[in-house]
Amino acid sequence: MDNKKQRGFFGNLWRHKELYLMMLPGIIYLLINNYLPIGGLSLAFKKYDYSKGILGSAWNGLSNFKFLFGTKDAAMIIRNTLGYNFVFIVLGTVFAVAVAIILNEIRANLPKKIYQVFILIPYLVSMVVVSYIAFAFLSTDNGFINNSILHKRVNWYMTPKYWPFILTFVNLWKSFGYNSIIYYATVIGIDTSLYEAAVVDGANRWQRILHVTLPGLRPTIITMTLLAVGRVFYSDFGLFYQVPMNSGMLYDVTTTIDVYVYKGLIILNDVGRSAAAGFFQSVCGFILVLTANFVVSKVDKDNALF
Amino acid sequence: MRKKITATLLCGAMALGLLSGCGGAKDTGASDAGNAAAQTQEGETQTAAANTGDMVTVSLYIPTLAPYTDEAIMEVQDAVNAHLAENYGIQTKLVYIEIGNFDQSINLAMTTDELDVTCYFPENTPLATYVNNGQLLDITDRFNNASDELKTTFTEAEIKASSVDGRMYGLVRKYQYGGYEVAVMNRDIVEELGIDPASVTDMESLGEALYQVHEAHPDIYALVPQSTNEMSWIQPWVKRVGLTSFAYVNDLDSTEIQSVFETDAFREFCGYTNQWYQDGLIMQDAISNTQEGTSMVTAGAAFATLHNGDIDPLEELYPNTVVSGMLIEPQSAPSDLGNLQYGISANSAHPDESFTLLSALYTDAELHTLLSFGIEGKHYVINEDGRADYPEGMTAETEPYGGFAATAAYPNYLLNPVKATAAVDDYQAAVDEWSTRVKMPEVFGFYFDTSEYGDFVTAYKNLEEKYYEPLRTGSVALDDVLPDIKSELEAIGFYEVAEKMQAELDAWLAQ
Amino acid sequence: MVQHDKLQQTLMHLVMILLVLCCVLPFMLMVIASFTEEATLTRNGYSFFPEVLSLETYRYIVRSASTIFRGYFMTIFVTVIGTGCNLLLTILFAYPLSRRDLPYRGFLSFFLFFTMLFNGGLVPTYMMYANTFHIKNTIFALIVPSLMMNAFYVIMMRSFFSSSIPDSLIEAAKLDGASEIKILARVILPLSKPMVVTLVLMVGLGYWNDWMNGLYYVTEQKLYTIQMILNNMINNIEFLTRNASMLGTAASNMKIPQVGIRMGIAVIAVLPILIIYPFLQKYFVKGIVIGGVKG
C-alpha cells in the first residue's frame with residue numbers, strides 16, 4: 001500500500017518532470033527566503049540571548065506577549081491599528097470603486113487615459129517623500145495650508161484631533177489611484193452584452209451601474225477585501241511614524257502595533273518581543289482570512305480565495 | 001545533514017543567479033557567497049606582507065559623524081593594519097556605519113560573529129540591557145590582567161560607568177565631561193540693535209533680547225530649537241542620575257530623585273519658553289522642525305538658538321554669529337559619563353585579539369591618531385605650530401576621511417595631536433583644567449542597574465517623548481498637562497522605581 | 001436626455017480633474033520648493049509662487065554628483081536585474097500552477113500562499129543571509145532577500161494564465177510535440193505581454209523604492225542606492241534628534257541637509273518613475289483587465 005503510494009508519487013513527479021523542474025527555482029527561493037527562517041517564530045516564546053543564539057536561548061512562555069497586552073497602552077494600540085484599518089478598507093473601497101465607475105462612464109478617450117496616468121502618481125512614491133510633502137502643507141509657520149489657505153496658525157503637529165482625518169486622507173490619497181485602476185480594469189472586463197441588454201430593457205445610467213457594473217465588480221471587491229482583512233493587524237510604519245514626524249503630542253492617535261514594537265525595539269533590542277508581535281499579527285491575519293474566506297464561501301462559493 | 005541541505009540550496013541559488021543573468025554581479029558576489037576565506041578580500045592584505053595571512057582579523061564598528069569615502073577607509077585600514085601587524089600581530093576590518101542606522105546595524109551584527117569590537121551608546125539603550133541580552137562580552141578579567149597603562153587610563157567612576165553588577169563590559173570614551181550653555185546669535189541683528197552679547201547671562205536677560213528682536217523683526221524667529229525639535233541638546237537645567245533615562249535631580253547639590261516634570265528647574269525653564277512661545281518669539285513649528293538651529297541663525301532666518309559648548313570654541317564653527325554670555329556655567333551631568341563606549345561582542349570568535357585591539361585603541365597614540373585623523377599628509381597635516389589641520393585646500397566637506405571632523409566618535413580623543421582650531425595647546429592639560437572648572441553634581445558616579453526594569457524603561461521613554469519636547473519648546477504649558485503626566489507616571493510605576501533608586505542612592509551617598 | 005447626459009459627462013470630468021489636481025499639485029509644491037531659495041523658504045514658507053528662485057539645491061546635487069549618480073546607477077542596475085530575476089521565477093512558478101492537470105497543485109498553492117502570512121522575522125532572516133550565505137556588502141544583498149519573488153504576483157500571473165490562455169492551445173502545442181518550456185516561451189508568453197508589463201511595473205517599483213535590504217545588509221557606500229541615500233538622511237536626522245547630546249560640540253560637524261536639498265533629492269528619486277511610468281500605463285491597465293486579481 002505504502003509502496004504503491006510512493007510509486008504513485010514519484011511516478012507523478014516523473015510524468016510532469018518538466019513542469020516541476022520549472023517550479024524548482026521558485027520552490028528553492030521560497031524555501032530559503034521564507035521557510036528556512038521560519039524557525040525564528042520560536043523566538044516569540046523565548047528570552048533571546050545573543051550569546052546563546054536562537055536554539056540555545058531559554059523558553060519563557062508567553063511573557064513576550066505581555067509587552068503587547070500587559071501595558072496600559074495596549075487598548076489604545078489595538079484600537080488604533082484595527083480602527084484605522086477598518087476605515088481604510090471601507091472608505092478606500094467605496095472611493096476606488098466610485099472612481100473606477102466614473103472612469104468607465106466617461107466617454108472621451110484621451111482625457112480618460114490622462115486621468116489614469118495622473119491618479120496613479122501618489123502610489124509610485126515612497127512614504128518618506130510623502131512625509132516631506134505633508135510637512136510642506138502642514139508646517140505651522142511655513143506650511144501651505146496655514147499660509148495660503150487658512151491665513152492663521154493652526155498647530156497641526158500638536159493637535160491630535162486632526163490626525164485621524166489627516167492619516168485617512170493621506171492613505172486614501174496614496175492608494176486610491178492604484179485601487180481604482182484595479183477596479184476599472186475589472187469593469188471594462190465585464191461582458192458588454194450585459195450592458196446592451198440593460199439598455200434594451202430601458203435602464204438608465206444609474207440602473208446600469210447598480211445592476212450590471214456593481215455585481216460585476218463583486219468578485220474583485222471580495223478578493224481585495226479578503227486580502228486586506230488578512231492584514232488588519234499590520235500598519236504602514238511610514239504612514240504612522242514618518243508622516244506625523246513622530247510628534248509626541250500625537251502618540252494617542254498615531255501609535256499602532258508596528259510603531260510601538262519599533263519603539264520598544266530601538267530601546268531594548270529585544271528580539272523576542274518583536275517576534276511575538278510578528279507572530280501575533282501573522283496568526284490573527286491567518287485566522288481572519290480563513291474565517292472571512294469561510295463566510296464568503298458559504299454565501300458565494302465562486303468568490304472565495306481558496 | 002542540515003549543512004548538506006543548505007549546501008544544495010546554495011548551489012541551486014547560485015546556479016539560479018547565473019541562469020537569470022546576474023553575470024554582472026559575479027565579481028563582487030560569487031566569491032563571497034561560498035567561500036568564507038574570501039572574506040579577507042577587499043585589499044586588507046595588500047600592504048601587509050604575506051605573513052598577515054594567518055593573523056586574526058578583528059572587525060571594528062564605528063558610527064559616521066562626518067562623510068567618509070570607501071577609498072579613504074580602505075587606505076586608512078591598510079595603514080592601520082600595517083601598524084597592527086608590526087606591533088600586535090592582528091589585523092582589523094573597519095566597518096563604518098551611518099549614525100542613523102548604527103544601533104540597528106550593530107544589533108543585527110551582534111547576532112552573528114561578524115562583529116568583534118564596536119562602539120555603542122548606553123544613553124540610547126541602557127548598558128544593562130546589552131548585558132541582559134547577552135550582547136557584550138564580560139571583559140573584567142582581561143582588564144584586570146591588562147597593562148597598567150590601560151588601567152590607569154580610567155578613573156573609578158569611569159570603570160563603574162561601564163560595569164553592571166561589578167563586572168566590566170566596555171570602556172568609556174575619554175573626553176571631557178559636561179559643558180556650558182550659551183545662546184548663539186545672529187551677528188547682523190546683534191550689531192543692528194546694539195545688543196551686548198555679554199549681558200545675556202540667564203533666561204531673563206535672554207528674554208529681554210528676544211523681545212527686542214521680535215519687535216524690530218517680527219518676520220523672523222527670535223528663538224529656534226538647537227536641532228530639529230530639541231530645544232537644547234544637553235539638559236543643563238536638570239541633572240539625570242545614574243545612567244538611567246528617567247531619574248533626575250533638580251540641581252548640582254540635590255540628591256532627591258524626581259521625575260523631570262516635577263523638578264523646579266524644569267518648571268522654571270518651561271515657564272520662560274511657554275511665555276515666549278505664546279508671544280510668538282519661539283518658532284511655532286518647533287515640535288515638527290527638521291532643521292538645525294544654527295543653520296537658521298547663520299542664514300538670518302532666526303535670531304538665536306541655545307547651544308552647548310565645551311573645550312572647542314563655538315564661533316569657529318558658525319560664521320556670522322556671536323556667542324552670548326554663559327547661561328549655565330560649565331558643569332556636568334552624571335549621564336555625561338560613559339554615554340559612548342567601546343566593547344566586544346559576546347559572539348566574537350576572537351575575544352582575545354579583540355581585547356588586544358580594544359586596549360590598543362586607548363593606549364597607542366599612533367594607532368588612535370591614524371584611525372581617527374587618517375593618514376598624515378593625505379587626510380590631515382601637522383602645520384608649523386605642531387598642530388593638526390586640514391590639508392591645503394581641503395575643508396570638512398571635501399576631506400575624504402571624516403574622522404578629523406568627527407573625533408568624538410573615537411575611543412580616546414586625548415591621544416590625538418591638538419587641532420589647529422582648538423583653543424587649547426594640549427588636550428590632556430585642557431581636560432584637566434576643565435575638570436577643575438566644571439562643577440560635578442553630588443550624585444556623580446552613582447550607578448543604577450535597570451536590567452530588571454525593561455518594560456518600565458520603555459513605558460517611561462514613550463511617556464517622556466510624548467511630553468518632554470512639547471514642554472521644553474514652550475508649545476504646551478506645564479500646568480495644563482502636569483496632572484495627566486502624574487497619573488501616567490503613577491500608572492507605569494515610576495514612583496516605586498524612584499523610591500527604590502532613592503534608597504540605593506542614599507546608601508551610596510552614606511558610603 | 002442628451003442635455004442631461006452632457007451635464008453628467010461634464011460633472012464627471014470635473015470630478016476627475018479635481019482628483020488629478022489633488023494628485024499632482026503636492027508634487028508641484030515639492031518641485032517648486034526644491035527650486036526655492038533656502039532663506040525664502042524659511043521666511044515666506046512653502047508657496048507655488050516663491051519670491052526668489054534658486055538653483056542652489058541642484059548645484060549641491062551636482063557637487064556631490066559622484067555619490068548621487070553612483071546611487072542612481074546602483075538603483076537602476078538592481079531594479080533591472082532584480083525585476084528580471086523576479087519575473088523569471090514568477091512565470092516559471094505560475095505557469096505549472098495554472099495547469100489543471102498538475103498533481104499536488106493544491107499543496108503547492110498552499111505552499112505559496114502560506115508565505116504571504118507567515119515569515120520568520122528579521123533576525124532569523126538576517127542570520128541566515130549574513131552567516132550562511134555571506135551576502136553582506138555584495139550586490140546579491142540588494143536583489144535577493146524578500147524581493148525576488150512575491151506570492152501575490154505569482155497568484156496574479158497564475159490566474160491570468162488559467163483564465164485567458166485556452167487549454168486547447170496547450171493541447172495543440174503538445175500534440176505537435178513541443179516541450180513544456182517551448183510551450184511557455186513560444187505560445188503562452190507572447191499572449192501574456194500586458195500581464196508581464198504589469199508585473200515589470202509593480203516589481204520594478206518594489207526594487208526602485210526599496211531601502212530595507214540596504215539598511216540591513218549594506219555598509220559600503222559603493223553599493224548605496226538612491227533610496228538608501230534618502231533614507232540614511234532621514235535616519236541620521238532622527239538619530240541627531242534623539243541623541244545629539246552625547247556627542248558634545250563634535251556633533252555640530254554633523255550637518256543636517258537643508259530642506260531645499262532634501263526636497264531636491266526626493267525629486268530626483270521620483271523623477272525617473274514619473275517619466276517612465278506613463279509609457280507603461282496602457283499595458284498596466286490591460287494586464288489587470290485580462291488577468292483580474294481574483295486568485
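**Entry 1: a sheet in chain B**

I began with strand 1 (residues 56–64) and strand 3 (residues 117–120) of chain B, which pair in the parallel sense over 2 bridges. I note that the model is predicted. Within this pair I looked up Tyr61(B), and it stands opposite Thr118(B) in strand 3 of chain B.

Next I traced the sheet itself. It is an open sheet of 5 strands in chain B, in the order 2-1-3-14-6, and the pairing is mixed. Which strands stand at the edges? I found strand 2 (90–98) and strand 6 (170–172) of chain B there. Each has a single partner strand, so one side of each has no neighbour in the sheet. From one strand to the next, the twist averages 25°.

I then checked what lies across these strands. Helix 4 (residues 99–109) of chain B lies across strand 1, strand 2 and strand 3 of chain B. I noted its angle to strand 2 of chain B as about 130°.

**Entry 2: nonpolar cores**

I turned to the largest nonpolar core, which has 268 residues. Which members touch the most others? I listed Tyr221(B), Leu223(B), Phe303(B), Ala304(B), Met157(C) and Ala266(C). Helix 4 of chain C gives the most to this core, with 12 residues.

Leaving aside neighbours within four places in sequence, I found Ala304(B) in contact with Ala183(B), Val184(B), Met185(B), Leu210(B), Ala222(B), Leu223(B) and Val297(B). A second, separate core has 23 residues, including Ala100(A), Tyr115(A), Phe176(A) and Tyr183(A).

**Entry 3: chain C against chain A**

I looked up the contacts between these chains. 70 residues of chain C are in contact with 72 residues of chain A. Several helices of chain C give two or more residues to its side, among them helix 2 (38–44), helix 4 (65–98) and helix 14 (259–291). Which element gives the most? I found helix 1 of chain C, with 16 residues. I recorded the make-up of the chain C side as 46 nonpolar, 20 polar and 4 charged residues.

**Entry 4: two domains of chain C**

The domain assignment gives chain C domain 1 (1–54) and domain 2 (64–291). I read 31 Å between their centres, taken over C-alpha atoms. How many residues are in contact? I found 7 residues of domain 1 in contact with 7 residues of domain 2.

On the domain 1 side, helix 1 and helix 2 of chain C give two or more residues. Helix 1 of chain C gives the most there, with 4 residues. I logged that side as 4 nonpolar, 2 polar and 1 charged.

Key
Residues are numbered from 1 along each chain as its sequence is written. Chains are lettered from A and ligands numbered from 1 in the order in which they are written. This is a predicted model: local features need pLDDT of at least 70, side-chain atom pairs count only at pLDDT 80 or more; totals for chains, interfaces and linings use all residues. Two residues are in contact if their C-beta atoms, placed from the backbone, lie within 7 Å. Ala, Val, Leu, Ile, Met, Phe, Trp, Tyr, Cys and Pro count as nonpolar, Asp, Glu, Lys and Arg as charged, and the others, Gly among them, as polar. A nonpolar core is a set of buried Ala, Val, Leu, Ile, Met, Phe, Trp, Tyr and Cys residues joined through C-beta atoms within 7 Å. A residue is buried if 20 or more other C-beta atoms lie within 10 Å of its own, exposed if 12 or fewer, and partly exposed in between; C-beta atoms are placed from the backbone. Domain bounds come from an automatic or database domain assignment. Two strands pair if DSSP finds at least two bridges between them. Axes are lines fitted to C-alpha atoms, for helices over the stretch in contact, and angles run from 0 to 180 degrees between N-to-C directions.
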